[in-house]
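Biologist: I have a model open and would like to go through it with you. Can we take it piece by piece?

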Amino acid sequence: MGNKLSLEIKSFEKLKKETRVENGKVFWTVSKRGRKLGKEIGSVFSSGYRLARINGKIYSIHRFLYYYYNNTLPEFIDHIDRNRSNNTKENLRAATIQQNNQNASIRSDNKSGTRGVSWSNFRKKWVAQISLSGKSKNLGRFEDKNDAIKARQNAEKKYFGDFAVKTGK
């Protein structure tokens, strides 16, 4: 991982000299090879991330901006508000893979509306669980969905701290 990060940092140092940053966006200050002066760099892809080709490689703009703001580059960077186009300094934070995954949006196939809460047809109860270091921890079975949601939210606060999802989703 060290080689990849050092290559990324080297590219980002060069990019710093050719761009300006404004409100979480990056604009070209040097015009060459089809780059237009003042144009925002990169394009937004279907993943929701803005990506740009820098020195022949594709990089995520939020990674460049985290480096620009903090002069350090962690392996994972989390968008606090889960909005991948919000690359302001206040919205980017270093994270572990588990923290980054914890703050991911709820899956589209989730039927309860809350991550880690599901209905058990076998037991005819709501089940609350949480994943810790790749292992699932059962938080209990509940008659009332709201009790299962509360158990999940309490576990998120306990185990994930600032990375706990604030909305329950």
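Modeller: What follows goes through the sheets, the cores, the aromatic rings and a few glycines.

Biologist: Before that, what kind of model is it?
Modeller: It is a predicted model.

Biologist: OK. In the open sheet of three strands, what is the strand order?
Modeller: The order is β3-β4-β5, and the pairing is antiparallel. The edges are taken by β3 (43-44) and β5 (57-60), each with a single partner strand, so one side of each has no neighbour in the sheet.

Biologist: How many bridges join β3 to β4?
Modeller: Two bridges join them, and β4 covers residues 50-54. As for Val44, its bridge partner in β4 is Arg50.

Biologist: Which strands does helix α2 touch?
Modeller: Helix α2 (residues 61-70) packs on the sheet and touches β4 and β5. The direction of α2 makes about 65° with that of β5.

Biologist: Now the inside. Which residues touch the most other members of the largest nonpolar core?
Modeller: Phe12, Ile41 and Leu65 do, in a core of 18 residues. The elements that give two or more residues to this core are α1 (2-18), β2 (25-28), β4 and α2. The largest share, six residues, comes from α2.

Biologist: What is Leu65 in contact with?
Modeller: Leaving aside neighbours within four places in sequence, Leu65 is in contact with Val21, Gly24, Lys25, Val26, Asn87 and Leu92.

Biologist: And the second core, which residues does it include?
Modeller: The second core is separate and has seven residues, among them Val117, Trp126, Ala128 and Ala151. In general, nonpolar side chains tend to be buried together in soluble globular proteins.

Biologist: Switching to rings. How many aromatic pairs does the structure hold?
Modeller: It holds six aromatic pairs. In one of them, Phe12 and Tyr59, the ring centres are 5.3 Å apart and the planes are at 65°, so the pair is edge-to-face.

Biologist: Where do Phe12 and Tyr59 lie?
Modeller: Phe12 lies in helix α1 and Tyr59 in strand β5, so the pair ties together parts that are 47 residues apart in sequence.

Biologist: Are those two buried or exposed?
Modeller: Both Phe12 and Tyr59 are buried.

Biologist: What about the rings of Tyr68 and Tyr69?
Modeller: Their centres are 5.9 Å apart with the planes at 75°, so this pair is edge-to-face. Tyr68 is partly exposed, with a relative accessible area of 35%. Tyr69 has 19% relative accessibility and counts as buried, because the cut-off for buried is under 20%.

Biologist: Which residues form the aromatic cluster?
Modeller: One cluster is formed by Phe12, Tyr59, Phe64, Tyr67, Tyr68 and Tyr69.

Biologist: Where is Gly134, and is it buried or exposed?
Modeller: Gly134 lies in the loop between β9 (125-132) and β10 (135-142). Gly134 counts as exposed, at 73% relative accessibility. The C-alpha atoms of Gly134 and Gln98 are separated by 8.5 Å, although these residues are 36 residues apart along the chain.

Biologist: Last one. What does Gly140 touch?
Modeller: Gly140 is in strand β10. Not counting residues up to four places away in sequence, Gly140 touches Trp126, Val127 and Ala128. Trp126 and Ala128 are also among the residues of the second core. Gly140 and Lys57 are 47 Å apart, C-alpha to C-alpha, and 83 residues apart in sequence.

Conventions: Residues numbered from 1 in each chain as written. Predicted model: local features only at pLDDT ≥ 70, side-chain atom pairs only at ≥ 80, totals over all residues. Heavy atoms only, no water. Pairing = 2+ DSSP bridges. Helix = DSSP H or I, 4+ residues; strand = E, 2+ residues; numbered from the N terminus. Contact = heavy atoms within 4.5 Å. Axes fitted to C-alpha atoms, helices over the stretch in contact; angles between N-to-C directions. Buried < 20%, exposed > 50% of the residue type's maximum accessible area, 1.4 Å probe, protein only. Core = buried A, V, L, I, M, F, W, Y, C linked by side-chain atoms within 4.5 Å. Phe/Tyr/Trp six-rings, centres within 6.5 Å; stacked < 30°, edge-to-face > 60°.
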